[in-house]
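Visitor: Please show me a protein chain and walk me through it. I would like to ask questions as we go.

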Amino acid sequence: MNIFKKASLLVAMTTAITTMSFAALASNQDAIDAFEAKTKPIAQDAKVLSDKQLVLMQEFNQLMESGGAATIFTSGKVQELQTLGEQTLVQAKLFVKEYEQFLAQLPETSTCYTPENVTEYNRLINEVETKNQSLSELNNTVAPGDEMAATMAVLNLQMHAGQVSSLVQMFQLVKICYITEAMGYTKQDVERMQAEEDDEQ
């Protein structure tokens, strides 16, 4: 099941919940607590990097408004974006490593047991890493004074920044299953509800 589709389903389910205590999580609480403790600093570091990237993209916009897109490629900002991407990738890989260990502690009936997510996350990491490495060559594709080429290159940078941000978002997506764990659902329950929702569409 696609993780983003599953996320949509689980978020919709929360509308029926008025109060909830994560202390009520049953047999998998210890694994969840350990996972949370190990990944909290990773998520915090990634959030700091994400905030820095947001500021950097605002600086991109300011440079475009004041001097045109081409000025970005002589400002050193592309290198800053690449560095932030590298640092975010480090955190993403650490997170996936902890996530794999978390999954290994869960029964296959748990709604948090989604090993297919690891494949998806690693695919995303590899994709972002390849693009991030190519940023160092981007300056060579923009000739001085070629504002059209520079604008297109900036659009590619903005798309890349969005992908880097998605790495940080995955840290929160995996936690959606805590809700179904607290409600006592099994993985089969969630899959059945998803199938019923698909039939209604």
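Here is a short tour in questions and answers.

Guide: This is a predicted model, so local features need pLDDT of at least 70, side-chain atom pairs count only at pLDDT 80 or more, and totals for chains, interfaces and linings use all residues. Residues are numbered from 1 along each chain as its sequence is written, and side-chain values use heavy atoms, with hydrogens and water left out.

Visitor: How many helices and strands does the chain have?

Guide: Helices (H or I, at least four residues) and strands (E, at least two) are DSSP runs, numbered from the N terminus. From that end, the elements run α-α-α-α-α-α-α. The count is seven helices and zero strands.

Visitor: What share of the residues in the chain is buried?

Guide: Buried means under 20% relative accessible area, exposed over 50%, and partly exposed in between (1.4 Å probe, protein chains only). The chain has 201 residues, and the buried share is 41%.
The accessible surface (Shrake-Rupley method, 1.4 Å probe; for residues, only the protein chains shown count as cover) comes to about 10,800 Å², with 54% of it belonging to carbon and sulfur atoms. Back to the question: the buried share is 41%.

Visitor: Is Asn132 buried or exposed?

Guide: Asn132 sits in helix 4, residues 116–134. Its relative accessibility is 2%, so Asn132 counts as buried.

Visitor: Which side chain makes a polar contact with the side chain of Asn132?

Guide: A polar contact is a pair of N or O atoms within 3.5 Å; within protein, one must be able to donate a hydrogen and the other to accept it, and residues adjacent in sequence count only if both atoms are side-chain atoms. Contact in general means heavy atoms within 4.5 Å. Leaving out residues up to four places away in sequence, Asn132 touches Leu81, Gln82, Gly85, Glu86, Leu89 and His160. The polar partner, at 2.8 Å, is the side chain of His160.

Visitor: How far apart in space are Val128 and His160, C-alpha to C-alpha?

Guide: Val128 also lies in helix 4, and its 0% relative accessibility makes it buried. Not counting residues up to four places away, Val128 touches Leu89, His160, Gln163, Val164 and Leu167. Val128 and His160 are 32 residues apart in sequence, yet their C-alpha distance is 7.3 Å.

Visitor: Which helix gives the largest share of the lining of the second largest cavity?

Guide: A cavity is a set of points, on a 1 Å grid over the protein atoms alone, where a 1.4 Å probe fits but cannot get out; lining residues have an atom within 4 Å of a point. The second largest cavity is lined by Ala31, Ala34, Phe35, Lys38, Glu98, Gln101, Phe102 and Gln105. Two elements give two or more residues to this lining: helix 2 (29–67) and helix 3 (77–104). The largest share, four residues, comes from helix 2.

Visitor: Is Asp30 buried or exposed?

Guide: Asp30 has its place in helix 2. Its C-alpha atom is 9.5 Å from that of Gln105, 75 residues apart along the chain. With a relative accessible area of 63%, Asp30 is exposed.

Visitor: Where is Tyr185 found?

Guide: Tyr185 has 26% relative accessibility, so it counts as partly exposed. Its C-alpha atom is 8.0 Å from that of Ser110, 75 residues apart along the chain. Tyr185 is found in the loop between helix 6 (177–183) and helix 7 (187–200).

Terms used. 1 Å grid on protein atoms, 1.4 Å probe; cavity = no way out; pocket = protein on both sides within 12 Å on 5 of 7 lines; lining within 4 Å.
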